Amino acid sequence: MSEHTLAVSDSSFDKDVLKASGLVLVDFWAEWCGPCKMIGPALEEIGKEFAGKVTVAKVNIDDNPETPNAYQVRSIPTLMLVRDGKVVDKKVGALPKSQLKAWVESAL
């Protein structure tokens, strides 16, 4: 992870995502997932561009199986926008940065 993304675990999900202030973009990913690696740099840039407004949280599904199971994540990458502890939107699959950015902006 970098300074613009936050590694989140099953045990920290409640504090880091559900109780966070502002909008949180949750990325469910895995090391072996090609499309996940493709969107990684775009998510870093979004974290940087929206610093202070959006938190980019990354959940490695191999290390943290409980959270993706609780949110019925069936394929990765799965991206969720969470505000005030509630999922406001969800996308599955790798999207170009322009679409990711527009999606985040629409929720701000």
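These are my notebook entries on a predicted model of a protein chain.

**Ground rules.** I number residues from 1 along each chain as its sequence is written, and side-chain values use heavy atoms, with hydrogens and water left out. Because the model is predicted, local features need pLDDT of at least 70 and side-chain atom pairs count only at pLDDT 80 or more, while totals for chains, interfaces and linings use all residues.

**Overall fold.** I looked up the secondary structure first. The protein chain has four helices and five strands. Helices (H or I, at least four residues) and strands (E, at least two) are DSSP runs, numbered from the N terminus. Along the sequence I read the pattern β-α-β-α-β-α-β-β-α. The radius of gyration is 12 Å, close to the 13 Å that the globule rule gives for 108 residues, so the protein chain is as compact as a globular protein of that length. That radius is taken over C-alpha atoms, and the rule is 2.2 Å times the number of residues to the power 0.38. Along the principal axes, the C-alpha atoms fill a box of roughly 30 × 30 × 25 Å.

I then checked burial. Of the 108 residues, 44% count as buried. Buried means under 20% relative accessible area, exposed over 50%, and partly exposed in between (1.4 Å probe, protein chains only). Next came contacts, meaning heavy atoms within 4.5 Å. Among those between residues at least 6 apart in sequence, 71% join residues at least 24 apart.

**Helix α4.** Which residues of α4 are buried? In this helix (residues 97–107) I found Leu-100, Trp-103, Val-104 and Ala-107. They cover an arc of only 95 degrees around the axis, which puts them on the same side of α4. The arc is that of the directions from the helix axis to the C-beta atoms. The face turned away from this buried side carries the exposed residues Ser-98 and Ser-106. What do the buried residues of α4 pack against? I listed β2 (23–29), α2 (34–49), β3 (54–60), β4 (78–83) and β5 (86–92).

**Ala-42.** Is Ala-42 buried or exposed? Ala-42 counts as buried because its relative accessibility is 10%. Not counting residues up to four places away in sequence, Ala-42 touches Lys-97 and Leu-100. Leu-100 is also one of the buried residues of α4. Ala-42 and Pro-68 are 26 residues apart in sequence and 22 Å apart in space, C-alpha to C-alpha.
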